[in-house]
Amino acid sequence: MAQELPSTASLACFCQKLNRLKPLEYTMETSLRRCLTTLDLTLLGVGCMVGSGLYVLTGTVAKEMAGPAVLMSFGVAAVASLLAALCYAEFGARVPRTGSAYLFTYVSIGELWAFLIGWDVLLEYLIGGAATARAWSSYLDSIFSHRIRNFTEAHVGIWQVPFLARYPDFLAAGIVLLASTFISCGARISSWVNRTFSAISLAIILFIIILGFVLARPHNWSAEEGGFAPFGFSGIMTGTATCFYAFVGFDVIAASSEEARNPKRAVPMAIAISLGLAAGAYILVSTVLTLMVPWHSLDPNSALADAFYQRGYSWAGFIVAAGSICAMNTVLLTALFSLPRIIYAMAVDGLFFHVFAHVHPRTQVPVVGILVFGALMAFLVLLLDLEALVQFLSIGTLMAYTFVATSIIVLRFQKAPPASSLGPASPGPMAKEYNSFSDHIQLVGTEPASAPEPGQLRPALRPYLGFLGGCRPGAAVAWALGVLVASAITLGCVLVFGDSALQLPPWGYTLLLLLSSATFLLSLLVLGAHQQQHRQDTFQVPMAPLTPALSILLNVVLMLKLSYLTWLRFSIWLLIGLVVYFGYGIRHSKENQRERSELTATHYVVYPSSSLEATVQAVQPPSQAPAKEPGHTEQPASP
């Protein structure tokens, strides 16, 4: 007998499961230890952003893409990164829980999308940490004239196997295991280690800037050497796309908000300060680098050390080497710090294996995730060839940025939860007491004409946009947001592929560009015409929804610039994630268990009328009288 096709109702129920939301939790209670200060969070962000890129990326972009105008590339990239950083700052302050982009997507877009973003960020930290450990090993090996590599190849041999490294990198695997040991000792100890390496790294960067300005030669920016921008505006923009990835890392601050003492204040401040410090370091170092020596004579692999060597200060090369190693140590520590916490958040929600939700009672860290994924990262760096996998970092980061920006728009047009939902478990600054008359008005509400709810059309625009006023709250916003994302993808495709892959005539390219731009702006105006959620007690992204919309567009354009092989590998990784989700996560999800318990309770009470009396008696407290049958009249009690 042929199997019946699923009904429309069952398909709708299945889709609802995939898009169910996690309730926002404003409680400060956590099984982790809240011990991180604003300084700790700031140095976590600086350590993740100011890594090996400062010592390698500056020379590469200066020589091959932008020339001395590399400082403008870093400046534009910093502004572009600020768009995404503001979105992370708002979420990290409003939802002080670990999970970062995964959690933000879960509370605003849906469960399946949240799992895929968490699965995506997992790979980002795993490959990023392994690549940093490999770079750390190679840099240290180059200082000793490649004696470590030669010794390993002589005693182990050279591998000629696809996807495997040329030789096993025992040094890189050892540093990963050592860093995992420090991380497992607790957030306080790992923060102290990161603070030490970050302080040394920043001191060396300050030394490079001061000595570089002393040795500066303005002639190196003259027309005789090619000018300030030898590659023109297109070179600056090409350099910007590369420099954008130098500022990846502020999401580690949002991922650590559950261990911050005062996340509402510390998270936004730490993100802003760390991004400012990183931007200043990149801009100033690239400035002195191109002023010390002509940009066309730089060595892309070791630009800073080579620049000091060309000026006769070879001793400064050892200081640069020490700074590079310290910077890579901080990047590795932050990757190993954030990775288990993302896994912990997914495991607590039931979307990943529950064993990773275990927190050590003394150190109060997710020790199982640290040990398992630390060992997995050591295995990757020991055996695999990571060059082909590094491009995963770009697409994974940009995908997470896009979903977080979309989540900010969704959150802004949702109705704010009442103060009672904060519950008694949220002491301190997270709970607000409603004592004044105006506070009570916020609780009981007023007429829609004077205080419309988020998602409703603004009262001043109702005479002009009456056709939108008939929609239920949130419906027009949902449609506008969908059109916004679709038009951003279309506009990105036109900008990236319009002249080459699409092979459009000039008039077709111009027409498609105007249509997609007009649709993007129109959907943005529709969103801006609706009432937003405003909060005075926490940080909010300025100029919303414009800021997150521009972040979405920028991320889409940068993702479309990646190679098709990167998209293919990323799709395979997502397919593996879907197997994990449908095989384990969807059944063990806490939201699924909550829905099943509510459904069971409903089925327990609602029965046909013939068994109504027995059912009601089963759910009544013993002190209550049994229910009366229909038509039964109560007899007066005898005196």
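Threonine 334 lies in helix α14, which covers residues 315-348; helices (H or I, at least four residues) and strands (E, at least two) are DSSP runs numbered from the N terminus. The model is predicted: local features need pLDDT of at least 70 and side-chain atom pairs count only at pLDDT 80 or more, whereas totals for chains, interfaces and linings use all residues. Residues are numbered from 1 along each chain as its sequence is written, and side-chain values use heavy atoms, with hydrogens and water left out.

**Overall architecture**

- The protein has 24 helices and zero strands.
- Of its 639 residues, 51% are buried, where buried means under 20% relative accessible area, exposed over 50%, and partly exposed in between (1.4 Å probe, protein chains only).
- Among contacts (heavy atoms within 4.5 Å) with a separation of 6 or more, 82% join residues 24 or more positions apart.
- The accessible surface amounts to about 29,800 Å², and carbon and sulfur atoms contribute 67% of that; areas come from the Shrake-Rupley method with a 1.4 Å probe, and for residues only the protein chains shown count as cover.

- Threonine 334 is buried, with a relative accessible area of 0%.
- Beyond its neighbours within four places in sequence, threonine 334 contacts Leu44, Cys48, Asn194 and Val252.
- Helix α14 is largely enclosed by the rest of the structure, because 29 of its 34 residues are buried.
- The end C-alpha atoms of α14 are 51 Å apart, in agreement with the 50 Å that its 34 residues should span at 1.5 Å a residue; the expected span is 1.5 Å times one less than the number of residues.

**Helix α12**

- Helix α12 (residues 263-292) extends 42 Å from its first C-alpha to its last, close to the expected 44 Å.
- Since 21 of its 30 residues are buried, α12 is largely enclosed by the rest of the structure.

**Nonpolar core**

- The largest nonpolar core contains 164 residues, and those with the most contacts inside it are Leu41, Tyr55, Tyr88 and Phe247; such a core is a set of buried Ala, Val, Leu, Ile, Met, Phe, Trp, Tyr and Cys residues joined through side-chain atoms within 4.5 Å.
- Setting aside residues up to four places away in sequence, the contacts of phenylalanine 247 include Met49, Phe74, Leu275, Tyr282 and Tyr401.
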